[in-house]
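Me: I've got a model open here and want to walk through it with you. Can you take my questions as they come?

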Amino acid sequence: MGSSGHSEGGIGSARIKALRAAEAEIFRRARPKSEAAFGKGITGFFGGVPMHWMNDWPTPFPIVVERASGATIRDVDGNRLEDFCLGDTGSMFGHSPPPVARAIKRQAGRGLTYMLPDEDTLVLGKLLSDRFGLPEWQIATTATDANRFALRVARAITNRPKILVFNGCYHGSVDETMVRLVNGRAANRPGLAGEFRDLTENTRIVEFNDVAALAKALAHGDVACVITEPVLTNSCMVMPEQGFHAALRRLTREAGTLLLIDETHTISTGPGGYTKRFGLKPDLFVLGKPVAGGVPASVWGMSADVARRYRAYNRAKEAGYSGMGTTLSANPLQFAAMRATLEDVMTDANYAHMERLAQRLEVGLSAAIRAHALPWHVCRVGARVEFICAKGPLRNGGEAEAAHAPALEAAIHVALVNRGVLIAPFHNMMLVSPATTGRQVDRLVRAFGEVAGRLAA
Ligand SMILES: Cc1ncc(COP(=O)(O)O)c(C=O)c1O
């Protein structure tokens, strides 16, 4: 299949390069206005963009959006894209879900931030505890913040310095999680800007699904908290093996270590996340990104035991700033949008629709991979689907890292955009929202089949 020495995902680099170049030209020709507007970068912004990740899309220049609604984006050149990236999960429930848009409109004239509770708050705490099963909650603005605050509480109440992460994890820009296993040893994740600390001093790291390594790392008795996603979603997707979560819970309890489950991506599983669906019993629970329908907001919840210990800790600690909290956290716009999302968007009916179409997507992509005899596979966690340009299943973050095919993935990404579908830029992730239609899924499957066919020919 490969047409030159080096290959990715079974495809030779010359073929990948040729596809990328041809598709880049098609992309450009369809976007004269965007290209002129973007120029060599938008004036006044460092790197030409308001946030540097916008330069990481594989397209020749970023798509300049005119508007987005439901599961569709329209660019300033009038191109319509079926959106399966959905803001990399921030818009998992579609762009501007109508109940959220109405709630924002209502709140817009009643104050946007005042550092006080309001009438929506009176119902929100109960909505969160009923839905996710943990009794006490706090609201923050990003999943990064929520993780950071929850980890502080874990260290405070256990009086232990360390956390444990799984190789390949991502929990936002939480410094102490930025560790990787390199040749079996912990190291700072490569590429960290301005990081002068040795992050491995207070972070232990083992591979996901490796129960023996986990037991050994926890046996030191110095780990306050294990932080993990229930399924690793931030490299190529890694599913937990049978019994892994049960072992994780048993071992953390035995070691006096807390367990933080970060559901920011796996909330795709169902209205109560992977935790509710599979009966996980975390001590701390974090959810960000889509929890307020796209308005920046996050939540972190505590078990009754953690809340009790945290209260005792606060009573005993010296007076002074906790080092947790940000000024715009827990503002009325978040309350309004989150209430609307929980009550009217994250419903059983919407999740049933998402699951059904995600299954159709999984089946369609798998069939195309088989039809072209490619050594690739498809993974799905509820409404979240990923094709991986390597054989599967992947067992851990190390394997997931090795499965990446950056040049191939980039070429496929641009080719899909040219066929009217947008998937996530950093890995081959596709989300199905309540607004996504069967026609959109079929279009993606067709486009993927065409591109796979060209690569395999
Ligand atoms: C599992 C997980 N947790 C936390 C975050 C951080 O979210 P944010 O960038 O909104 O802080 C991410 C971001 O991708 C994530 O994937």
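Me: Where is the place of Ser 235?
Reply: Ser 235 is in the loop between β11 and α7. Helices here are DSSP runs of H or I with at least four residues, strands are E runs of at least two, and both are numbered from the N terminus.

Me: What should I know about the model itself?
Reply: It is a predicted model: local features need pLDDT of at least 70, side-chain atom pairs count only at pLDDT 80 or more, and totals for chains, interfaces and linings use all residues. Residues are numbered from 1 along each chain as its sequence is written, and side-chain values use heavy atoms, with hydrogens and water left out.

Me: Back to Ser 235. Buried or exposed?
Reply: Ser 235 counts as buried, at 5% relative accessibility. Buried means under 20% relative accessible area, exposed means over 50%, and partly exposed is in between (1.4 Å probe, protein chains only).

Me: Which residues is Ser 235 in contact with, leaving aside neighbours within four places in sequence?
Reply: Gly 168, Glu 386, Ala 400, Glu 401, His 404 and His 427. Contact means heavy atoms within 4.5 Å.

Me: Now the sheets. What is the strand order in the open sheet of 7 strands?
Reply: The order is β6-β14-β13-β12-β11-β7-β10, and the pairing is mixed. Two strands pair if DSSP finds at least two bridges between them. The edge strands are β6 (136-140) and β10 (203-206), each pairing on one side only. From one strand to the next, the twist averages 20°.

Me: Which helix packs on the sheet and touches β7, β11 and β12?
Reply: Helix α7, residues 244-255, touches β7 (162-166), β11 (223-228) and β12 (258-262). The direction of α7 makes about 145° with that of β12. Axes are lines fitted to C-alpha atoms, for helices over the stretch in contact, and angles run from 0 to 180 degrees between N-to-C directions.

Me: And which one touches β6 and β14?
Reply: Helix α10, residues 332-345. α10 also packs on the sheet, and its direction makes about 120° with that of β6.

Me: Stay with β14. How many of its residues are buried?
Reply: 5 of the 5, so β14 is largely enclosed by the rest of the structure. Both faces are covered. Ser 298, Trp 300 and Met 302 are buried on one side, Val 299 and Gly 301 on the other.

Me: How does β14 pair with β13?
Reply: Antiparallel, over 4 bridges, with β13 at residues 284-287 and β14 at 298-302. Leu 287 stands opposite Val 299, and Val 286 stands opposite Trp 300.

Me: How many bridges join β6 to β14?
Reply: 5, and the two strands run antiparallel. Trp 137 stands opposite Gly 301 in β14.

Me: Switching to charges. How many salt bridges in the whole structure?
Reply: A search finds 28. A salt bridge is a side-chain nitrogen of Lys or Arg within 4 Å of a carboxyl oxygen of Asp or Glu.

Me: What does Lys 289 pair with?
Reply: Asp 88, at 3.9 Å from N to O. Lys 289 lies in the loop between β13 and β14, and Asp 88 in the loop between β5 (80-83) and α3 (98-108), so the pair ties together parts that are 201 residues apart in sequence. Lys 289 is partly exposed at 32%, while Asp 88 is buried at 17%.

Me: And Glu 82, what does it bridge to?
Reply: Arg 80, with the closest N and O atoms 3.2 Å apart. Glu 82 is buried, with a relative accessible area of 0%. Arg 80 counts as partly exposed at 35%.

Me: Which residues are linked in a network of salt bridges?
Reply: Glu 23, Arg 419, Glu 450 and Arg 454.

Me: Last topic, helix packing. At what angle do α5 and α9 cross?
Reply: Roughly 70°, and their axes come within 9 Å. That makes α5 roughly perpendicular to α9. Angles under 35 degrees count as roughly parallel, over 145 as roughly antiparallel, 65 to 115 as roughly perpendicular and the rest as oblique.

Me: Which residues make the contact?
Reply: Val 153, Ala 156, Ile 157 and Thr 158 from α5. From α9, Val 306, Arg 309, Tyr 310 and Tyr 313.
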